[in-house]
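I have a new structure open and want to find my way around it. These are my notes, in the order I looked things up.

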2 protein chains.
Amino acid sequence: MADNSGTRAADPDPLLQLLLDGQPRTRNQLMDLTGLARSTVTGRLESLVAQEFVVPHEAAESTGGRPPARFKFNPAARLVLAADVGATHLTVALADLTGEILDSTTVPQDIADGPEVVLTALADHARALLARHPSGRLAGTGVGLPGPVEHRTGRPIQPPIMPGWDSFDVAGRLAGEFAGPVLVDNDVNLMALGEHTNQYAAIEHLLFVKVATGIGAGLISGGRLHRGAQGAAGDIGHVQALGHTELCRCGNAGCLEAVASAAALAAHLRSAGLPTETSQDVVDLVRAGDPVATQAVRQAGREIGTVLASCVSFFNPSVIVIGGSLSQAGDSLLAGIREAIYARSLPLATTELRVVASRTGQQTAVRGAAAMVLQHALGL
Amino acid sequence: MADNSGTRAADPDPLLQLLLDGQPRTRNQLMDLTGLARSTVTGRLESLVAQEFVVPHEAAESTGGRPPARFKFNPAARLVLAADVGATHLTVALADLTGEILDSTTVPQDIADGPEVVLTALADHARALLARHPSGRLAGTGVGLPGPVEHRTGRPIQPPIMPGWDSFDVAGRLAGEFAGPVLVDNDVNLMALGEHTNQYAAIEHLLFVKVATGIGAGLISGGRLHRGAQGAAGDIGHVQALGHTELCRCGNAGCLEAVASAAALAAHLRSAGLPTETSQDVVDLVRAGDPVATQAVRQAGREIGTVLASCVSFFNPSVIVIGGSLSQAGDSLLAGIREAIYARSLPLATTELRVVASRTGQQTAVRGAAAMVLQHALGL
């Protein structure tokens, strides 16, 4: 089993923390800013320079005499391997130490092919990407999966749409092939992390809601991902939708996912005679202006918004980001969600609440996977 | 307006953080453990000793020659003033720097008397307590109020059961009389903090639910109090209870508080001919074995548990603590809550979930008020 026991390095280096802002600093400045002994600063700088995380900074001008050496963070010191395993696609990417995506590949891939097939494909694409960046050393690997994951061990736990994956040692399978730790999480947590890191880094409390074949949420509390005790936080797909009794695949009745997911909508529209097999079919119909599909998506938004109103009262976020494939249907979904949230929430909790569409598009999860590895490797 | 902009001191002293465990340490040990320069350690120790937060520790034995000086944390260096303002009572207490309650006073006090009367009473009781501890210097004051509070400014915001208190500068009123910062929060947040600090300090994710005249929750995420964007997190009293349409004082229909609070129960039992004016009357009836009251409390537990099942799916805590006056009715409330949570939550989220009664009793909120001040003063 891979060492995957947390995303935060136990002892973040205080010099590295300072230098992450990109500003070059002298040894004396680092001593002043940290209060650390000269011998400590010298030793830690030597270690950081040896690892290439920090490099000497060439002074632009000379004022006579040799200027004191300055040191700065080196974002190119390592690469991060990031992967987003979806129900029907696989994205593999390389990022630098700022989380910037340098290169990526997206291919169709059925999760139901099982872990050996999917993770072999993931590793093949990763090696192809790494071959295009031959000088890069890996800081670690981050993987998002479309189901519950025990983050500590990197194993899926009874994932409903991932036959053959239950308890599979995903982290262990990849740790043998790639340098550095392998961290695994569910894709919605990583979407929350990716959207927060890239678009809302200053926001303390954020909720990311994925509306796709399933429905789930990722929570940011105090600027950190809130995974919960079993890593199961954000499971709003199986909260009961008011006034509904539809049987859900989880065995309960009236779950939000059984009422308002893309899968539920597609089934509902099929029964109304429309040709909807996938969430993309639903999105296409709405984009083509079909009134029945548009009305159904808006109503799904209302059902989701009613559940989110409770989440707003409970968690009091300042931003709710709506992502996932169904969010590409345009404004109908968001309008329905907003309508129900504002109708039902207490005024205080919605004073400054923004309900917005995801801005990071298809790369949200893979950016989050990179951010997860960076938090671990750099002690962010 | 008092400076009340956060509970964490900006720059916690690394030496003080180490010494808070109570172990005495030499200057060299502190240098080794922190990597700080000798001059930094010497300067900070001087400052901590001058403030009395740290005192020289007398060595028990001598091994020949003068042993190196050791230093240890001094919990008696300051007192903390902590107050819990309830709807019908007022508790004022003094704690030491470990949060231990040294002395306290509880008196009947109607919150509806307004802020001038109540805060004057609070200050009078505080001065009486301080007179009994004449050598004590104050680290700061923490106050819990039974309604929404903007923690940053220390002012209540549209509190429903606190006539005359809206936007009153509670922190400013007390800051003129007592040394140190004055921090204000709603009582349920402080109950969560008090129970967590005193009983569950190692638990990362905890939910404290107060069931009294109203219903509210306090959230601990990653070991820290999650207040939310407007400090409004945990407001589960106005989440819609499934299948209910009772009008709530907030203007919405079917709120949990309108269905399952002690106030709702008392009204319901009165309409059944029972003499219940207050939550204490309900508690007394249940304790006396009245079957109608017992059944009503158990059903209220089920309604609360149904809402908490959604919170479990969303937040995935490992402990839910039930407190508040109605929790003193015995096992009926807890049994109803457990029944509904386990019936409705997904198995993964309840694998290791404990639903327990509060252990800190009447002092939960005042202990939390002290903990809030300590986190601020000591940079915990």
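**Entry: what I'm looking at.** I remind myself that this is a predicted model. I started with how chain A is divided. The assignment gives domain 1 (14-73), domain 2 (79-192 + 364-378) and domain 3 (201-359). I checked the centres of domain 1 and domain 2 of chain A, taken over C-alpha atoms, and they are separated by 34 Å.

**Entry: the five-stranded sheet of chain A.** I traced an open sheet of five strands in chain A, with the order β13-β12-β11-β14-β15 and mixed pairing. At its edges I found β13 (224-226) and β15 (354-357) of chain A; each has a single partner strand, so one side of each has no neighbour in the sheet. From one strand to the next, the twist averages 25°.

Ser221(A) is the residue I found opposite Arg224(A) in β13(A).

Which helix packs on this sheet? I found α10 (residues 291-315) of chain A, which touches β11 (206-211), β12 and β14 (319-323) of chain A. The direction of α10(A) makes about 160° with that of β11(A).

**Entry: where the chains touch.** I looked up the contact next: chain A brings 41 residues to it, and chain B brings 41 residues. On the side of chain A that touches chain B, the elements giving two or more residues are α3 (38-50), β13, α10 and α12 (347-350) of chain A.

**Entry: cores.** Which residues have the most contacts inside the largest nonpolar core? They are Val282(A) and Val282(B), and that core has 208 residues. Another core lies apart from it, with 24 residues, among them Val41(A), Leu48(A), Leu16(B) and Leu19(B). Going back to Val282(B), I left aside its neighbours within four places in sequence and listed its contacts, which include Ala262(B), Leu265(B), Ala293(B), Val297(B) and Leu326(B).

Entry: Is His376(A) buried or exposed? I count it as buried, because it has 21 C-beta neighbours inside 10 Å, and the cut-off for buried is 20 or more. His376(A) belongs to helix α13 (residues 364-378) of chain A.

**Entry: strands of chain B.** I found an open sheet of three strands in chain B, ordered β1-β3-β2, with antiparallel pairing. Its edge strands are β1 (25-26) and β2 (54-57) of chain B, and each pairs on one side only. Two bridges hold the antiparallel pairing of β1(B) with β3 (residues 70-73) of chain B, where I saw Arg25(B) opposite Phe71(B).

My last stop was a hairpin made by β5(B) and β6(B), with five residues between them. Strands β5 (residues 89-95) and β6 (residues 101-108) of chain B run antiparallel and are joined by seven bridges. Ala93(B) has Ser104(B) as its bridge partner in β6(B). In the turn, I noted that Gly99(B) has a positive phi of about 90°.

Note on methods
Residues numbered from 1 in each chain as written. Chains lettered and ligands numbered in written order. Predicted model: local features only at pLDDT ≥ 70, side-chain atom pairs only at ≥ 80, totals over all residues. Pairing = 2+ DSSP bridges. Helix = DSSP H or I, 4+ residues; strand = E, 2+ residues; numbered from the N terminus. Buried ≥ 20, exposed ≤ 12 C-beta atoms within 10 Å, placed from the backbone. Core = buried A, V, L, I, M, F, W, Y, C linked by C-beta atoms within 7 Å. Contact = placed C-beta atoms within 7 Å. Axes fitted to C-alpha atoms, helices over the stretch in contact; angles between N-to-C directions. Domains from an automatic or database assignment.
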